[in-house]
Structure formats: C-alpha cells, structure tokens
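Okay, thanks for making time, everyone.

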Amino acid sequence: MSDADEEYRGAAVIRAGEAAVTVAVRLSVHFEPIEGRYRWAGRAAPDDTLSAQLRAGARDVTVRIGEREAPARLGEPDPWGGVRLTGVGHPPWSAAPGA
C-alpha cells in the first residue's frame with residue numbers, strides 16, 4: 001500500500017438510518033498487525049443534516065465512496081461543526097491490497 005492509498009479526501013455518502021447526506025471527508029487508514037485488521041478514521045465536513053442526525057442520537061452509520069461502503073461510527077462534532085468518523089475493517093475506498 002502506498003502513502004497515497006492510505007488517505008482519502010473527497011466526497012462520501014454517509015447514511016444514518018433513512019437519512020443520507022453527501023459530504024466532503026478526509027480519512028486515513030492503518031493496519032494494526034497485533035489485531036490483524038485495518039482501522040480508519042477521519043472527519044466529515046460540517047453539514048446540517050449530519051449534525052442533526054448526531055444530535056438525535058445516531059452513532060452507527062454507513063460510509064459509501066463510489067461503489068464501496070463500510071460501517072462506521074460518528075463521534076463528537078469538532079468546534080467548526082465537522083464530525084469524527086471511525087471504522088474497523090476494510091475502508092470504503094481502495095486503500096488496502098485486495099480491498
């Protein structure tokens with residue numbers, strides 16, 4: 001995996017329940033050799049719909065980038081209104097060999 005593959009910056013569809021929003025994200029991935037799995041995390045840009053879902057209690061979401069998707073968790077918003085995303089397993093972009 002090259003350094004360029006370890007990061008993704010661009011649009012993603014984040015689905016929380018029935019609500020789906022397309023938002024800019026910045027994500028990165030790394031392999032945890034002791035666990036034997038990938039961990040990825042990053043931030044979604046400020047979005048009123050996503051923030052409303054978070055305030056309503058949504059935590060489990062699906063992140064879709066192109067044809068790939070992966071489950072993730074929403075974290076607390078940052079001071080600028082962005083929302084933290086974390087995931088375990090293959091990320092929703094082609095980052096890992098065979099992903």
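This is a predicted model: local features need pLDDT of at least 70, side-chain atom pairs count only at pLDDT 80 or more; totals for chains, interfaces and linings use all residues.

**Strands, core and rings**

Leaving out residues up to four places away in sequence, valine 61 touches Ile14, Arg15, Ala16, Ala70, Pro71, Ala72, Arg73, Leu74 and Leu85. And which face of S4 does it belong to, the covered or the uncovered one? The covered one, along with Val63 and Ile65. Asp60, Thr62 and Arg64 make up the uncovered face.

S4 runs antiparallel to S5, and six bridges join the two. They make a hairpin with two residues between the strands, and glycine 66 there takes a positive phi near 65°. On another pairing, S4 (residues 60-65) is joined to S1 (residues 7-16) by three bridges, again antiparallel. In that pairing, arginine 15 has threonine 62 as its bridge partner in S4, and isoleucine 14 has valine 63.

Now S1 and S2. How many bridges join them? 10, and those two strands run antiparallel as well. Glycine 10 stands opposite valine 25 in S2. This is another hairpin with two residues between the strands, and in the turn glycine 17 has a positive phi of about 65°.

Okay, zooming out. The chain has one helix and six strands, and going from the N terminus the order reads β-β-β-α-β-β-β. So what do the strands build? A closed barrel of six strands, in the order S1-S2-S3-S6-S5-S4, with antiparallel pairing. From one strand to the next, the twist averages 40°. Helix H1, residues 48-55, packs on the sheet and touches S1, S2 (19-32), S3, S5 (68-77) and S6. If you like angles, the direction of H1 makes about 70° with that of S5.

Next, the inside. The largest nonpolar core has 24 residues, and the ones with the most contacts inside it are Ile14, Val25, Trp40, Val61, Val63 and Leu85. You've met several of those already. S1, S2, S3, H1, S4, S5 and S6 each supply at least two residues of that core. Which element gives the largest share? That would be S2, with five residues.

On to the aromatics, which I know some of you were waiting for. As a reminder, a pair of rings is described by the distance of the centres and the angle of the planes. With centres within 6.5 Å as the cut-off, the count comes to three aromatic pairs. Take phenylalanine 31 and tyrosine 38: their ring centres are 5.0 Å apart and the planes are at 65°, and since over 60 counts as edge-to-face, that is what this pair is. Is tyrosine 38 buried or exposed? Its relative accessibility is 12%, so it counts as buried. Phenylalanine 31 comes in at 40%, so that residue counts as partly exposed.

Then there's tryptophan 40 with tryptophan 93. Their ring centres are 6.3 Å apart with the planes at 85°, so this pair is edge-to-face too. Tryptophan 40 is in S3 (residues 37-44) and tryptophan 93 is in the segment after S6 (83-88), so the pair ties together parts that are 53 residues apart in sequence. Both of these tryptophans are buried.

Last bit, the overall numbers. For 99 residues, a compact globule would have a radius of gyration near 13 Å, and the chain has 13 Å, so the two agree. Along the principal axes, the C-alpha atoms fill a box of roughly 35 × 25 × 25 Å. Of the 99 residues, 37% count as buried. And if you take contacts between residues at least 6 apart in sequence, 49% of them join residues at least 24 apart.

That's my tour, so over to you.

Methods:
Residues are numbered from 1 along each chain as its sequence is written. Side-chain values use heavy atoms; hydrogens and water are left out. Rings of Phe, Tyr and Trp (its six-membered ring) pair if their centres lie within 6.5 Å; planes under 30 degrees apart count as stacked, over 60 as edge-to-face and the rest as tilted. Buried means under 20% relative accessible area, exposed over 50%, partly exposed in between (1.4 Å probe, protein chains only). Helices (H or I, at least four residues) and strands (E, at least two) are DSSP runs, numbered from the N terminus. Two strands pair if DSSP finds at least two bridges between them. Axes are lines fitted to C-alpha atoms, for helices over the stretch in contact, and angles run from 0 to 180 degrees between N-to-C directions. Contact means heavy atoms within 4.5 Å. A nonpolar core is a set of buried Ala, Val, Leu, Ile, Met, Phe, Trp, Tyr and Cys residues joined through side-chain atoms within 4.5 Å. The radius of gyration is taken over C-alpha atoms; the globule rule is 2.2 Å times the number of residues to the power 0.38.
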